[in-house]
Amino acid sequence: MSRMTTNAPANSTVMSTETPTGASPLAVVSARGLTKRFGSFEAVAGIDFDVYEGECFGLLGPNGAGKSTTIRMICCLAALTAGSLTVLGEPAAPGQRTIKAQLGVVSQEDYLDPALTVRENIEIHGRFYGLSPEVATLRAAELLAFMQLEGKTHEQVRSLSGGMRRRLVIARALMGKPRLLVLDEPTTGLDPQARILVWRKLRELKAEGVTVLLTTHYMDEAQRLCDRLVIIDHGRILESGRPRELILRLVGAECLECPDIAPALVDGLMATLRPEDQAWHEWQSDSWVLFSPNLSSILDRWAAADLAPPLSYRRPTGLEDVFLRLTGRELRD
Amino acid sequence: MGGVRGMVWPRFTQGALMVFRRDFLSWVKYYKSSVLLNFGEPLTNLLALGFGLGAYVTKMSGDPFVDFIGPGLLAVTAMNAVTFDMSFEAYDRLNENGIYLSMITAPLHPAEIVGGEYLWEACRSLLYGLVFLVVLLPLGIVHSWWALLLPLPLLVTGMLFAGPALWVATAAKNHEQLFYYFTLVVTPMFMFSGVFFPLAHLPVVIRDLILLTPLVHVVNLTRALILGQFPPTLWQDVLWIVGYTLLFMALPGRRLARRLTD
């Protein structure tokens, strides 16, 4: 895709490192130079980040960016190749029981035991965390109610819808009363209603003080849920910060989207742009999108020159624009 | 690249007990179909060979034919009950339904998963072996009170065959590769381990080769206990069984740990 002027709005806000509450930051996860190699392939290429107590932290990136590998190392399911990784005060490594006892893990696939009922599935998982039978039963009932699955308690898991399965997997991850809940693409494959319910539940958990770490490639999800996030690609961190701050810093607050515009007309419009506009533009499918902190003055100029595009609208920018700007538009598999 | 080095022996912990519990809960749901699967074949063999062929081959090394093959088939039933579960079922738990993957997100070590599977397979072997014993009773095949000791060798037999089958399940890339284990290992053992005919008349080389495999020793032991006939070499069978059980215990742990954590 053509990207002729690439001067980003450079009103860089310094990324704040304070916690959402403003209290002294207590890092629940702390990665320094975290690296994972599979043979000669570097899946995670030396990344640094901290996840603070009580926040919702997002790992964003296209497929194959290194999100899941990072998550696996945090969950003590994979060894790191180099660097350091501290989770809940302990060095993360496979078999780190003290870390795993305080973690809840929601993997990408809804792995449920097909032979067991809804309740049995999460009860037995609680027993893996060392809960007594009574506590496991009690907590299973609580969590099924919390995840709005109490009507399904005795059903076989194969009768559940995709959204219910995901909620059950989240309930299961909560059986050990985790301090840190880790979710790998929690809403991939869910319908909009199911996604909204999952989001609501994650916010409720956060309000209860659970630290939430999630990966996603849904930008709306990241924007709604995450206090802070890092965007990673090819195993490296491209940007990090709060969603709003990243948007303002990297693409500005607004953009102009022109659907179905003739490329010849675009050339004419481009010619009117000045260096101080700090404009950059890109094609998002059939729309030509112009980003600039000077949008109003550009539009005035076009109006004066009678150049205005036939169809256009100003819209607020979002993380999606940031993401596409940083990771490019080529398809990932 | 892996972080898993050295031997990973099964661990029989509280966590392992919970893995056992999951297997039991799951088995309760399926036992009707599963019992048929595991009994169909040996029972068919017993009836068809024991009474069909047995009408022509009346004696086998001094015993009625059906008395000879009954105890052997009991050993085979125990082996199959364990081998099916630890190959096809364990393959699915690892690769299809993610049961091991979700276990490993909890504070469980792969060695505890193996430990739990070992406990469960010991139980399965006992369960299926004893039910087969109940089938043998009305047929008049059980001749000795020594048969009351059968639970002990059955428990050990479960552990003996769990290790190699679980190792195969962790190494297999698809279901077809599991069939190789049956075709190349399990079925030949079944045919040549003295279940259907005594090994005494086989060429010495072949007999010695057979004695290097585990099933024949289990067959010798179950036959001794059920018929109440104790050959002077029986202690060797016991040693082989215990030795192989311990040796095979180290087989699946490391592979499973690698598959689950890297």
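**Domains of chain A.** I looked up the separation of the two domains of chain A first: the C-alpha centres of domain 1 and domain 2 of chain A lie 38 Å apart. Domain 1 covers 27-247 and domain 2 covers 253-327 of chain A, with bounds from an automatic or database domain assignment. I note that the model is predicted, that local features need pLDDT of at least 70 and side-chain atom pairs pLDDT 80 or more, and that totals for chains, interfaces and linings use all residues. Residues are numbered from 1 along each chain as its sequence is written, and chains are lettered from A and ligands numbered from 1 in the order in which they are written.

Helices (H or I, at least four residues) and strands (E, at least two) are DSSP runs, numbered from the N terminus.

**Sheet of chain A.** I traced an open, mixed sheet of 6 strands in chain A, in the order 6-7-8-3-9-10; two strands pair if DSSP finds at least two bridges between them. Strand 6 (103-106) and strand 10 (236-241) of chain A each have a single partner strand, so one side of each is left without a neighbour in the sheet. Strand 6 of chain A pairs with strand 7 (residues 180-184) of chain A in the parallel sense over 4 bridges, and Gly104(A) stands opposite Leu181(A).

**Helices 3 and 5 of chain A.** I found helix 3 (residues 118-128) and helix 5 of chain A packed at about 30°, with axes 9 Å apart. Axes are lines fitted to C-alpha atoms, for helices over the stretch in contact, and angles run from 0 to 180 degrees between N-to-C directions. The two helices of chain A are therefore roughly parallel (angles under 35 degrees).

**Chains A and B.** I recorded 25 residues from chain B and 29 residues from chain A in the contact. Helix 1 (14-52) and helix 3 (99-105) of chain B each give two or more residues to the chain B side; helix 1 of chain B gives the most, with 9 residues.

Conventions. Parallel < 35°, antiparallel > 145°, perpendicular 65-115°, else oblique. Contact = placed C-beta atoms within 7 Å.
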